[in-house]
Amino acid sequence: MHEELKKYADTLPESILNEIEEKCPASKIKKVAARVYKEYCDAKIDAGEAVGLVSAESIGEPGTQMTLNTFHFAGVAEMNVTMGLPRIIEILDGRKNIATPMMEIFLKSPFNKGKDIHNIAMRIKESVLGEFIKEYVINIVDLKIELKLNLEKMAVIGVKPALLIKAIDKALGKEVSSKENEEGGLVVKLRGRDEKGLNDLYKAKEKLRSVYVCGIKGVSQILPVKRRDEFIIITAGSNLKKILDLDFVDETRTTCNDIYEIQKVLGIEAARQAIIDEVFKVIEAQALNVDIRHIMLVADTMCSSGEIKGITRYGVVSEKSSVLARASFETPIKHIINASLVGEIDFLNSVVENVMLNQPVPVGTGLPGLLTKVIK
Amino acid sequence: MAKKKKTEENQTKELEKKEETIKEVPEEESKEVHDAEQPLEEIETSKEEPSEAEEKKEEMTRERVEAMQHFVFKQVSSIVFGMLSPKMIKKMASAKIVTPELYDKEGYPVDGGLMDVRLGVIDPGLRCKTCGSKLKECIGHFGYIELARSVVHIKFINVIHDLLRSTCRECSRILIPEDKIKTICRQLDVVEQEEGIEARRSMVKKVISDLKTINKCPHCKAKQQKISLEKPSTFMENEKRLSPIDVRARLEKIPDNDCLVFGINPKASRPEWMVLTILPIPPVTVRPSITLESGERSEDDLTHKLGDIVRINQRLFENINAGAPEIIIEDLWDLLQYHVTTFFDNNIAQLPPARHRSGQPLKTITDRIKSKEGRIRHNLAGKRTNFCARTVISPDPMLKINEVGVPLTVAMKLTVPETVNEWNAAYLKKFVEKGPAVYPGSNYIIRPDGKKKKITDETKEAALEELQPGYKIERHLMDGDIAIFNRQPSLHRMSMMCHRVKVLPYRTLRLNPVVCAPYNADFDGDEMNLHIPQTEEARAEAEILMEVQTQIVSPRYGLSVIGCLHDGISGNYILTKFLEMTREKAIDFLCSAGVIDFSRLPNKKVLNGREIFSSVLPEDFNFKGKSKSGEPVVIENGRLIEGVMDKVSLGGEGAGLLLRSLHKKYGASKTVEILHKILCLGIEALLRNGLSALISDTDLPAEANDKIQDILNSAEEEVSNVIKKFNAGELQSYPGKTLKETLELKILEILNRSRTKCGVVVKDFANKNAHSIIMAESGAVGSYLNVSQISACAGQQVLRGKRIEKGYKGRTLSCFKPGDLSPAAHGFVRNGFKHGLKPGEFFFHAILGRDSLMDTALRTPKSGYLYRRLANAMQDLRTEYDESVRDANGRIIQFKYGEDGIDVARSESGKIDVQKIIDES
């Protein structure tokens with residue numbers, strides 16, 4: 001780094017220093033650094049500023065302008081993803097089951113060129129037995145089901161009948177037995193045939209249909225897409241852990257939109273970043289303008305305890321130390337009752353309690369005290 | 001006997017009395033308190049024994065004296081929550097209630113009744129027997145009733161159940177061996193310290209849930225029975241009923257140390273207090289009765305409920321004393337339990353709610369506290385104010401941007417207090433002389449002891465004589481006074497800004513249309529509120545933190561929210577693009593717009609609009625930007641050399657880059673000043689030039705119409721080709737989509753593309769001098785999309801990302817064949833609005849209109865709730881002096897606000913523009 005810039009190493013943020021370094025010709029650097037430093041000092045936030053409320057306003061206010069529509073129809077063949085206000089609510093609630101889980105899988109170098117992209121994608125997709133079956137023939141007399149297989153499709157993914165048998169054994173091994181027949185199809189028989197009837201056979205057929213065969217569980221749809229100069233795979237349904245285990249996946253860039261899953265697999269810092277990215281994506285898509293700092297603060301409040309806490313009465317709000325602050329949000333009676341049992345003490349160090357008591361609030365101009373010598 | 005504390009109306013006041021530790025103020029200050037209060041007390045005592053003549057006088061003064069001024073010298077530092085012990089209830093009570101009657105024959109409250117005068121007064125003229133003060137001065141006092149048989153408190157029923165299940169039925173010890181109790185307690189403390197009180201609560205729950213199944217006491221080895229709760233409030237031990245008396249006996253025996261494991265602090269609340277033997281009666285001030293027009297009294301719901309309790313209680317007493325059979329006593333006991341339960345909560349699932357005779361359920365304590373209209377959110381977290389006004393708003397571009405026009409009638413009602421001193425005495429006397437009826441007069445005079453007197457024509461003389469330093473005059477609102485202006489919903493801080501008052505005739509509040517954007521106001525009947533700060537501190541804060549100029553830059557994105565709109569933009573666009581005038585005319589022009597400094601007008605015969613515009617810019621201002629259409633805008637040394645002014649330079653709400661850089665260089669007040677001048681210029685330009693939207697503005701030449709028809713025809717043909725392919729099964733499906741979906745996507749894409757193409761044609765052929773086009777081009781109002789929808793083609797109506805599919809089976813409307821996939825059958829509107837829509841097209845368009853109405857109606861409450869949650873969760877976050885962001889507990893949320901400590905409102909869209917600095921230096 002330039003000598004002049006080193007002087008500011010402790011005072012200016014790294015991003016700004018890098019920007020100066022990058023853009024500024026060496027001759028000007030001293031002057032520029034001094035001016036940037038001055039502007040930076042001018043732009044700094046005041047102590048005591050109620051940044052939380054400003055952030056809440058900055059996200060809450062554009063919320064009224066967002067559309068409720070849940071579709072996404074940019075481009076020709078994008079996935080259907082929850083967007084707009086419902087998505088924001090979903091993220092900030094910290095929901096464990098989101099409406100449309102989705103992944104963006106980046107591939108490592110030789111695979112992302114587009115060759116065989118479709119086959120790679122097909123390997124990721126969760127396949128069930130029903131997809132490979134052309135026809136079910138139910139033999140009532142022998143109480144067995146003959147399955148005619150879609151061999152072309154199996155060839156594409158590389159599934160052999162043996163694998164299907166294995167899959168059936170694994171899932172329904174206790175109820176049925178299966179083997180290959182002469183025509184290349186499968187024959188499935190019920191175990192303990194004597195006490196079973198036709199009904200059981202039909203039930204077994206339905207169960208067979210959804211037997212998991214191969215691919216990655218949870219990934220129900222795949223869509224290879226060209227992004228700039230590489231191919232990526234977009235999926236509906238997500239299973240981050242399994243996907244990252246695959247050797248052709250670029251694990252540094254692959255993400256999903258399920259915050260909880262990210263937290264589980266990659267940790268809380270990644271989850272925080274995911275919240276920021278996801279909220280920002282929605283706001284951007286609505287052509288609204290919200291500074292990233294506000295979203296960051298929201299993400300930080302949600303993640304500061306080490307796990308994701310939604311902005312709900314069970315999440316962030318329940319963490320507050322003040323009884324009155326919790327009571328003024330939701331379920332006041334519950335909070336007061338519980339407080340009385342424990343003998344909780346409210347030290348009135350946040351905002352609402354002081355509003356209730358008509359006292360100055362400890363943010364902004366309410367924060368500093370004034371000491372003065374009284375002349376007697 | 002346990003009674004949840006906070007049930008009273010005057011919650012805070014009661015809290016102050018009973019539940020807080022009040023921090024003592026330093027000695028000097030508390031002396032001052034005494035000094036200040038002394039004269040007050042003297043006045044009070046001197047009135048104790050008034051002679052008859054004086055009594056009359058007192059009555060007169062009482063009429064005039066409206067409110068006493070209170071000064072808060074004490075600060076509440078903490079509030080302790082806990083349960084009331086029976087002892088405490090008795091101690092704080094000032095009366096024992098024994099009779100359900102309310103009034104005697106004369107209508108005077110009965111002694112020992114629910115409206116006993118010892119509980120406070122609600123009738124004018126009566127004095128409280130406990131504290132001797134009158135109505136409004138006495139805050140009320142609690143009473144109590146002794147319950148004939150104890151009754152469980154419904155709100156603690158689950159806690160009691162847990163306690164019974166996890167303690168021994170013989171020795172009442174918790175079912176945990178002695179040595180383990182201590183370790184568990186320690187663990188709990190650690191959890192509370194590390195993760196907060198909620199974590200402790202959930203751990204307690206876990207500990208307790210394991211105890212249910214233990215059936216041998218580890219202390220006395222007694223065998224345990226299964227205890228179940230029969231809802232709502234009966235406990236059964238192996239099919240045998242446990243009466244509240246039995247329950248209480250067991251709870252009493254639980255030692256203090258064992259309570260701790262249950263998360264009960266024995267200092268704050270003993271378990272047996274959860275079974276009531278004595279019930280506190282809230283003061284009458286909490287449940288005032290209202291006198292109807294007919295002279296009949298209508299009692300509060302709580303009084304009704306308490307009446308029921310007292311009545312049943314008396315009957316139970318009598319029956320017990322008379323030795324009635326056990327069944328009757330049990331029945332009455334259950335009834336008492338029911339009444340006490342519904343007194344606390346009238347919405348218990350298994351109980352029928354107690355009702356009025358009319359059938360409407362009673363509002364009891366729980367209903368009073370909870371929900372939006374309850375005490376907490378309605379009365380404690382939300383306040384009402386005096387000194388405010390509300391009316392319809394209307395625009396006035398001639399007002400300064402930080403002014404608000406206040407109707408004269410309002411200005412004569414709202415007042416500002418001014419303290420009399422040596423130097424302003426003469427000035428303030430004038431206001432008193434004029435009285436309340438002549439503007440600028442005054443309405444009240446406040447004596448140093450806090451007595452407030454109304455100024456009338458009769459009292460004017462006396463007031464004038466009395467006036468001396470230390471007195472306060474509440475004078476009428478005048479030009480230049482500070483006011484806070486607000487429009488609901490107050491979604492961001494710009495919804496409440498400080499304006500300067502400008503007193504005007506007529507009856508609406510007026511504001512400069514430029515500030516409509518931050519308030520999100522329009523003039524279709526919107527109303528707004530005006531508040532007048534009453535103290536110097538409040539005024540200073542309002543002026544420094546909230547005045548309009550301080551709010552130009554939004555903290556949401558760091559760009560200006562306030563900027564020219566509509567006429568301001570189109571006017572300046574016309575001025576800088578088309579106008580040219582002689583020097584004389586230019587000077588006339590500037591004069592009318594309120595600009596009187598012509599020194600910067602070049603000395604030429606004919607001046608163009610850019611030169612005229614330049615004369616409002618500061619001399620050393622440089623700016624490089626782009627106009628809406630992408631052409632460069634260059635300002636050098638305060639001269640607009642190239643380009644036109646439009647929305648990108650002058651607009652608000654994230655546009656207005658010119659304004660933003662003015663703001664950065666010259667500060668807020670100067671920007672507001674220049675913005676006002678620019679706005680006036682724009683309006684003046686329009687006044688002289690005229691701007692009217694004509695229907696012919698959107699006329700297209702025949703050539704353009706042909707082109708549009710070609711585009712639409714070819715699009716329809718393309719669609720029918722795709723459909724043919726689909727029917728023939730030749731269509732290649734997109735990955736992950738079915739054939740049908742692929743078809744729909746393709747059609748949608750073709751049709752959308754065709755409308756875009758039409759838009760381009762319209763843009764090419766539109767008459768650039770037509771006024772409607774000028775409006776769109778300058779960004780003032782409307783867009784080319786609107787123009788092309790009017791003149792060319794309204795386009796495909798997209799409902800939830802798809803073409804319209806609703807309607808009959810296989811078709812949208814009965815005029816189409818089932819299975820028709822053509823554009824027209826699924827919501828493609830081929831005609832423009834001007835040409836007129838076909839019935840089918842009109843219908844499809846109306847579907848979309850309805851859908852968007854529904855969308856708004858559903859969105860508002862959802863986003864409102866999200867906002868409330870966000871605000872509640874984050875309201876106590878603040879930056880500290882070390883730039884970290886912390887919450888009220890001091891937990892660190894961010895180490896440096898926004899990772900770089902930059903305030904968005906002070907930056908340019910959140911960044912420091914390094915490139916610009918490099919370029920400039």
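How many bridges pair strand S5 (residues 176-180) of chain A with strand S6 (residues 186-190) of chain A, and in which sense? The first legend answers this. The model is predicted: local features need pLDDT of at least 70, side-chain atom pairs count only at pLDDT 80 or more, and totals for chains, interfaces and linings use all residues. Residues are numbered from 1 along each chain as its sequence is written, while chains are lettered from A and ligands numbered from 1 in the order in which they are written.

View 1. S5(A) and S6(A) pair in the antiparallel sense over 5 bridges. Two strands pair if DSSP finds at least two bridges between them. Helices (H or I, at least four residues) and strands (E, at least two) are DSSP runs, numbered from the N terminus. A:Val176 stands opposite A:Leu190 in S6(A). The two strands form a hairpin with 5 residues between them. In the turn, A:Gly184 has a positive phi of about 90°.

View 2. Strand S5 (residues 227-230) of chain B runs antiparallel to strand S6 (residues 234-237) of chain B, and 4 bridges join them. B:Ser228 has B:Met236 as its bridge partner in S6(B). A hairpin through 3 residues links S5(B) to S6(B). S6(B) is also joined to strand S7 (residues 240-242) of chain B, by 3 bridges and again antiparallel. Here B:Phe235 stands opposite B:Leu242 in S7(B). This second hairpin has 2 residues between its strands. B:Asn238 in the turn has a positive phi of about 50°.

View 3. A:Ile262 lies in helix H12 (residues 259-266) of chain A. Is A:Ile262 buried or exposed? A:Ile262 counts as buried because it has 24 C-beta neighbours inside 10 Å. A residue is buried if 20 or more other C-beta atoms lie within 10 Å of its own, exposed if 12 or fewer, and partly exposed in between; C-beta atoms are placed from the backbone. Not counting residues up to four places away in sequence, A:Ile262 touches A:Leu240, A:Cys256, A:Ala270, A:Ala271 and A:Ala274. Two residues are in contact if their C-beta atoms, placed from the backbone, lie within 7 Å. The buried residues of H12(A) are A:Ile259, A:Glu261, A:Ile262 and A:Gln263. They pack against helix H5 (84-93), helix H11 (240-245), strand S10 (255-256) and helix H13 (268-285) of chain A. A:Gly267 follows H12(A), and its phi is positive, near 100°.

**View 4. A buried histidine in a loop.** B:His153 is found between strand S4 (142-152) and helix H5 (157-165) of chain B, in the loop. B:His153 is buried, because 24 other C-beta atoms lie within 10 Å. B:Val247 is 94 residues away along the chain, yet the C-alpha atoms of B:His153 and B:Val247 are separated by 12 Å.

**View 5. Where the chains meet.** In this interface, 94 residues of chain B are in contact with 99 residues of chain A. On the side of chain B that touches chain A, helix H29 (residues 839-874) of chain B gives the largest share, 14 residues. That side divides into 39 nonpolar, 28 polar and 27 charged residues. Ala, Val, Leu, Ile, Met, Phe, Trp, Tyr, Cys and Pro count as nonpolar, Asp, Glu, Lys and Arg as charged, and the others, Gly among them, as polar. A:Ile345 stands opposite B:Val80 in S2(B).

**View 6. Nonpolar cores.** The largest nonpolar core has 264 residues. Such a core is a set of buried Ala, Val, Leu, Ile, Met, Phe, Trp, Tyr and Cys residues joined through C-beta atoms within 7 Å. Those with the most contacts inside it are A:Ile20, B:Leu279, B:Ile281, B:Val406 and B:Leu870. Leaving out residues up to four places away in sequence, A:Ile20 touches A:Leu5, A:Ile29, A:Val32, A:Ala33, A:Val36 and B:Val914. Apart from this core lies another, of 17 residues, including A:Val176 and A:Leu190.
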